[in-house]
Amino acid sequence: HQTHTEAKRLLNHAKTLRLHTGNLVNRSRLKKKCPGSPSEELQDCIQATLSDWFSAIKPQSEDFPDTLDCSIPQETDAITPEEREELKVSVKLFLCESVLSSIRDAVEMACQTLAVSQLDSVIIAPPEPLQGDSQTLAHLQPAWEELEALVRSQRIAAIGTSDLDKDLLEQLYNWAQVKPSSNQVNLASCCVMPPDLTAFAKEFDIQLLTHNDPKELMSAATFQEAVQEGTQDLNIADWRLEWVLRYSIIVKSRGIIKAKGYLVSARKASP
C-alpha cells in the first residue's frame, strides 16, 4: 500500500513523464510472446515498464520531481566506448505534437540513455496534418531545421524522412541545407515502390527504406489505458503523449540487432 500512495503522490506532482522500456531484444525472450503491430508492442512496453517501476518505488524524501523518470536501469543497454565503432544507432522519432523542443529533448535523452555522443541516423515522423490537410514543405520545415541544428552540433550524423512522395521529397531536398539521407515508405500503402520516387532517390543518393508503422503510432486513449494498467489504475490525470522515440542498435559487421527499445515522453494535460 505504501508504494501505491507514493506512486500516486509522484504522479500527481509530476508534469512530465519519461519512460524507457529497456532492451526489448532481451525482454521478448523472457515473455515468449510475439508482439503484433508496432502499436501493440509499444502498448505492452509502456505497461510493463510502468508496472516494474511501480513495484520498485522507494519512499521519497520531501521533494517531488517535475519530470518523473520511469525506467528500469538494469534493462538499459549503455554502449561502451570500445564497442561504439562497431555499432550503428538508428532512431525513428514520432512527434505526437508540434513542439519543436521535443526533437532536441528526445535526441538528448537517447544519447544519455544509450551513453553515446552521437546518433548515426534519425528518421522523423512529424505529427499528422489536421484532417483534410496534406503534408507540405511548410509543415516539415520547422522540424527539419531543428534536425539540421543537431547535425551541425554533431548530435546526429544523418537525417531522414518518412512517407514523403517524390514531389515533397524533391521540395525538401532542394530547400534543405542538410539533405535527407533516407526516406521510409510504408509497405501497407504500396507494395511496389513508386517509380518516380525510386528514380529520384537513386539520382540523389537517398536510401529508400520500408516500414510498417501505422499513421498514428498510438492514440491518446490507448496511451492513457496503458498508463492506467501499468500503474494499477491509479486514476491519474490525463497524460498526453509528446513523442515516442524508437531506437535500434545494430552490429554493423553482422547486420544483427543487438538492442531495440522505446523512449516515451508525455506531459500532463493542463486542467
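This is a predicted model: local features need pLDDT of at least 70, side-chain atom pairs count only at pLDDT 80 or more; totals for chains, interfaces and linings use all residues.
View 1. Zooming in on L245, and skipping its neighbours within four places in sequence, you'll find contacts with V91, K92, L93, A106, A110, G261, Y262 and L263.

**View 2. Nine strands line up in an open sheet.** Read across, the order goes β2-β1-β9-β8-β3-β4-β5-β6-β7, and the pairing is mixed. The edges belong to β2 (67–71) and β7 (207–211); each has a single partner strand, so one side of each goes without a neighbour in the sheet. On average, neighbouring strands are turned by 20° against each other, direction ignored.

**View 3. β3 and β8 run antiparallel as a pair.** Residues 87–95 make up β3 and residues 239–251 make up β8, with 9 bridges between the two strands. For one of the residues to look for, take K88: its bridge partner in β8 is I250.

**View 4. Two helices lie across strands of the sheet.** Helix α5 (residues 101–114) lies across β1 (16–20), β3, β4 (119–125), β5 (156–162), β8 and β9 (256–268). Relative to β8, α5 runs at about 45°. Helix α6 (residues 137–152) lies across β4 and β5, and its angle to β5 is about 160°.

Definitions and conventions: Residues are numbered from 1 along each chain as its sequence is written. Side-chain values use heavy atoms; hydrogens and water are left out. Two strands pair if DSSP finds at least two bridges between them. Helices (H or I, at least four residues) and strands (E, at least two) are DSSP runs, numbered from the N terminus. Axes are lines fitted to C-alpha atoms, for helices over the stretch in contact, and angles run from 0 to 180 degrees between N-to-C directions. Contact means heavy atoms within 4.5 Å.
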